Amino acid sequence: MAFGVTDLSVQVSNMKQAGVDIIYPCMDLQGVVTLAKELKKQGSDAIMTLPNAYDRTIIEDFGDLFQGAYIGTAFAPFETDPAPEGLEKYLAAMEEAGLEPTEPTTVGWLNAALFVEGLREAGPDFDRQKVIDAINEMTDWTAEGMLSGVDWTTAHFEVDRPCTAFTRVEGEEFVPALTQGDSPFVCLDRTSDTMPEAEAP
Amino acid sequence: MGDLLRYAVQGIPAGCVFALLAVGLVLTFKASGVFNLAFAAQAYVSAAVFYSVRKEDAWPLVPAAVLAILVVAPIVGLLFDRLLFRHLRTASSGAKLISSIGLLVAVPELVKLWFGSDSKKNPPPLWWVERSDQWLWPQSGRFVLDAGQIATIASAAVVAVGLTVLFRWSSIGLQMRAVVESPRMAELNGVNAGRVSSVAWILSSVLAGLSGVLLAPLFAALNSLDFFTLLVAALAAAVFGRLVNIPMAFAGGLALGVLQAILAGTLPTDSIVATGLRPALPFVVLFALLLLYPGLKSMRDVADPLAGVDPPPPPPAASLRTPAWATVSRVATALAVLGGVAIGWFVLDAFWLGLITSGVALGVILLSITIITGLGGMVSLCQPTFAAMGAFTTAQVTANLGVPVLGSILLGAAVAAVAGGLLALPVLRLDGVYLALATLAFALMFQSIFVPLSWVSGGSVPMDVPRPLVGSIDFAENRRFFVLCVVCLLLVGGLVTLVKRGTMGLYLDALRGSEHAAAAAGIGPRAARVKAFALSAGIAGFGGGLLATYYGSANFDQTSSSSSGWCGWCWWSRSVPARSPPPPSAASPSS
């Protein structure tokens, strides 16, 4: 939010007047909490879809404000059942280390997994450039099911079919939502001229 | 009309937030003569104490509030008075402002040594609920207030009325104003200036503590920077009250909140004007008030008529050197520079060399303050803005026009210099604190309106800035670049020394002594100061380009997150006695 803005009452009352059903805010914690408080105060039942709120501490402090909100992640949520192999390894490693699984540590794990995969593909006679080249040749890297599949030959420039996994806040839990069969990911074709259908990866 | 009225009513709670902070700033200035930006730090201290005892230690509400607002806050204020501001009583308003900036930076960091720097979510409100939105009045309807908003509105109104009565109709209020104007005169009339000063600081600190505890729940997590951003937004309201009128400051705060709400509701969301104006509104209003408000035109530092009773402050050590000692210090400096370069070249690893190199580039930017503040006697809080202009110009010109990097850096300096000169034209009608606030408003306007534009900063995509390549010498090698930065620092330092000893420096010295006498001698105050502004901006722009070359990019994040860091630079460089001593005359009206 801008300097000195601590109140979104005008924006929320306009949204309510316009009959807004879904809000996709791209703001930090301060912004989304302020928005959620105002939605509650004004009795709006608009649903929020949050790209950066997969954090248990947020639910502990502000869970009542985000009931029913959809939380998006780029990786398979920890609650995915059945859990993909990569996710099982990650959760086991975190438990062994006595650490709480979080989104930032998951990103770190994925970066490390990509590096290891790149090393393997580069072979025993590796150097920095060979590892980079090996990674950039991967066309469907999933980190053993933690991701929907990254095509590194194009991912640096464009992603025509982005995929996201969603959970929904119910009580104090994140519950997987909008799953496509066994896959936690929802993919939408950005190049479509009409409203795309949700698909599995 | 129905919608406009609705927006106006919805703007009142936010307006009361601004009003409370503006009244706090005005109270401190009126009662102590200090424009205390550290008010935000004081608010954070009390908010941290309240969070700690109320949420972490589960204290009941009233004892927690008493501790945070009526015990800790006054102690902090007394420490500020006794250890610092009492000794600056006869100093200029600029010196006091810079000192408050130092406290603004240092105090929260000291508090974090105890409070911790991990995220402290969900600050508790000054109410018997865990979160302010858990108590609403009315329960439903068009305009619903939560517990925090009701407490803020009530507190702001009570404080404004109470302080107005205090200053207008009480003897202590009159004594406070007398001590600010002339401590000696007040003492001659039987007023204990020290005690009155302490009372003033206690009063303003209690208000800071109250503000901190009341406003903390506005934020999802407790963060010292949030109080500063709110305070900065409330500056326009304080200026509306000419820094001395409490009811006007209150009205200004309300008006600002209402205007903010009306603009939020009426401006189209996809308009470029709206995108830039909405976040910059408090600073645009502040800048406009400072330039156009008739009530500010003749406000200058009040000269204590008994200032001559006190002995003059000791001159800086630099002016007392004997020629032999001056030679020794010059030789020692040269040896230190050579030694430093040798250590950097042969000894330091990449990490430390990088840190030292960035410090040298920052040093170039800081030298700009010697011109504007040391020689010119003007406090400018927008030097990082000129540095950013230099950095962005360097990046844009190098990337889009193919100009060699060193040439782009010089071009960036030129652009910054022009901007500085243009800024000086309207702001030089102001003096002291108002001039500083105008430069701060300009800096924040630039950050809000221009920095997010892709043709300025590249937007969210950083622009690459390569290291210079001069002939066969490639400065991509870190040690060579380090030496280049040292050479640049020495060249800029030499330039500053030449300016100091040259005509411009003598003119600025004369203007600091007595503007009227200088004008009578044919020295145009405006021309000299505009040149000082332009030159200092150019030096800052040059340093900014150099820094961008060090980082390898110029981007939005580097400039937008540096407010507290910049405040630190500003305090440090103002405090180091880099300027020449004041001429031997009575207390000057400015600086």
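In this predicted model, A:Ser183 is buried, with a relative accessible area of 16% (buried meaning under 20%, with a 1.4 Å probe and protein chains only). A:Ser183 lies in the loop of chain A between strand S5 (173-177) and strand S6 (185-187), strands being DSSP runs of E of at least two residues and helices runs of H or I of at least four, numbered from the N terminus. The side chain of A:Ser183 reaches the backbone nitrogen of A:Phe185 at 3.1 Å. Neighbours within four places in sequence aside, A:Ser183 is in contact (heavy atoms within 4.5 Å) with A:Ala200 and A:Pro201.

The contact between the chains takes 34 residues from chain B and 27 residues from chain A. About 2500 Å² is buried between them, 54% of it on carbon and sulfur atoms; buried area is the accessible area (1.4 Å probe) lost by two parts on being put together, summed over both. Of the area that chain B buries against chain A, 23% is supplied by B:Lys121, B:Arg131 and B:Ala220, more than by any other three residues.

Four salt bridges are found across the interface, each a side-chain nitrogen of Lys or Arg within 4 Å of a carboxyl oxygen of Asp or Glu. A:Asp64 forms a salt bridge with B:Arg131, the closest N and O atoms being 2.7 Å apart.

Local features required pLDDT of at least 70 and side-chain atom pairs pLDDT 80 or more, whereas totals for chains, interfaces and linings use all residues. Residues are numbered from 1 along each chain as its sequence is written, chains are lettered from A in the order in which they are written, and side-chain values use heavy atoms, without hydrogens and water.

Notes. Buried means under 20% relative accessible area, exposed over 50%, partly exposed in between (1.4 Å probe, protein chains only). A polar contact is a pair of N or O atoms within 3.5 Å; within protein, one must be able to donate a hydrogen and the other to accept it, and residues adjacent in sequence count only if both atoms are side-chain atoms.
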